[in-house]
Amino acid sequence: MRMIIQSRLIVFLDYECGQQLQEHQKCCRQSGRNDRMSIKGIYDIHCHIVPGVDDGATDIGETVKLLRMEYEQGVRTVIATPHFRFRMFETPAEKVREQFRLVEKAASEISPDLHVYLGCEFHANMEMLPMLREQKVMTMAGSRYVLTEFSHNSEESYIRERLSALLSGGYKPIMAHIERYEATRNSLDFVEELADMGVYMQINADSITGKDGFFTKRYCNKIMKDGLLHFVGSDCHDSAKRSSRIGEAYRMVSAKFGQGYADELFIHNPAEILKQKQNMRLQIDIFYWLIYNKIGLCQISLFTFRNT
């Protein structure tokens, strides 16, 4: 009975947050929104700043450099996303959390308005759902969003099946750097199909700025023009060769597509991830309150129906 109740509450939560994100994107496009918002306040939802857990920051000194770099570009909220990939990056979750506490301390010393959260760049495999449920890997800031990575030559059928499995399991996949995969580079129809399924698309800042080449930049512009993009991340790994240029990407998107659209990608959509985290906490509180007060399943179903 508890599992049934919990699944109903999770469905309610996912519906509410998904609707909020879709409604916001619709409003931004219909209104041509161009209110003045400072570049200070952008989000970076994809970066490798947790020291010593993957191929990103090697030590806390490098973490501090990256955080300062982000802050100077206007970033005020960061979701750190260390890799998890079998036979390559398999740092235990507890070790990742321990190292992330160093990131939190470093961020607080840089500025009280620099906020950091923990996520994961989860390379797709056949054990994703049990690993997520057992918290062997992290979702994005404790939400239902999962930053999902594939190999560059993954086939459409495998990508579709793995993302469908996440959606069916109650998660909200964000497909990391879609500009890197043959399947999504070669077919915008496939990207649109995935978006229609409920998958969110992310591209890297360097791909927008042109650092990753002219053709990649042109592809990203096409994705944005077609309204298929939801998030941008720096994917920074170090302060030298793979540093953060997310502020530059924000300015370029703002100049080409308008500040309203830039704010949508770099501020408003990422904010929905944290909003869902807050909603999840509220729903968990409600769940345990209902259990504590022994409210029946029929009453819970009525509660869920009335709030959807």
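1. Strand β6, helix α5 (residues 156-168) and strand β7 make a right-handed β-α-β unit; right-handed here means that, with the strands pointing away from the viewer, the path from the first strand over the helix to the second runs clockwise. Helices (H or I, at least four residues) and strands (E, at least two) are DSSP runs, numbered from the N terminus.

2. A word on the source: this is a predicted model, in which local features need pLDDT of at least 70, side-chain atom pairs count only at pLDDT 80 or more, and totals for chains, interfaces and linings use all residues. Residues are numbered from 1 along each chain as its sequence is written, and side-chain values use heavy atoms, with hydrogens and water left out.

3. On one side, β6 runs parallel to β7 (residues 172-175), joined by four bridges (strands pair if DSSP finds at least two bridges between them). Here V146 stands opposite P173. β6 also runs parallel to β5 (residues 121-123), through three bridges, with H123 opposite E149.

4. Five of the five residues of β6 (residues 145-149) are buried, so the strand is largely enclosed by the rest of the structure. Buried means under 20% relative accessible area, exposed over 50% (1.4 Å probe, protein chains only). Y145, L147 and E149 cover one face, V146 and T148 the other.

5. Now to helix α10, where I246, G247, A249, Y250 and V253 are buried. Seen down the axis of α10, its buried residues fall within an arc of 160 degrees (taken from the directions from the helix axis to the C-beta atoms), so they line one face. Exposed A255 and K256 sit on the face turned away.
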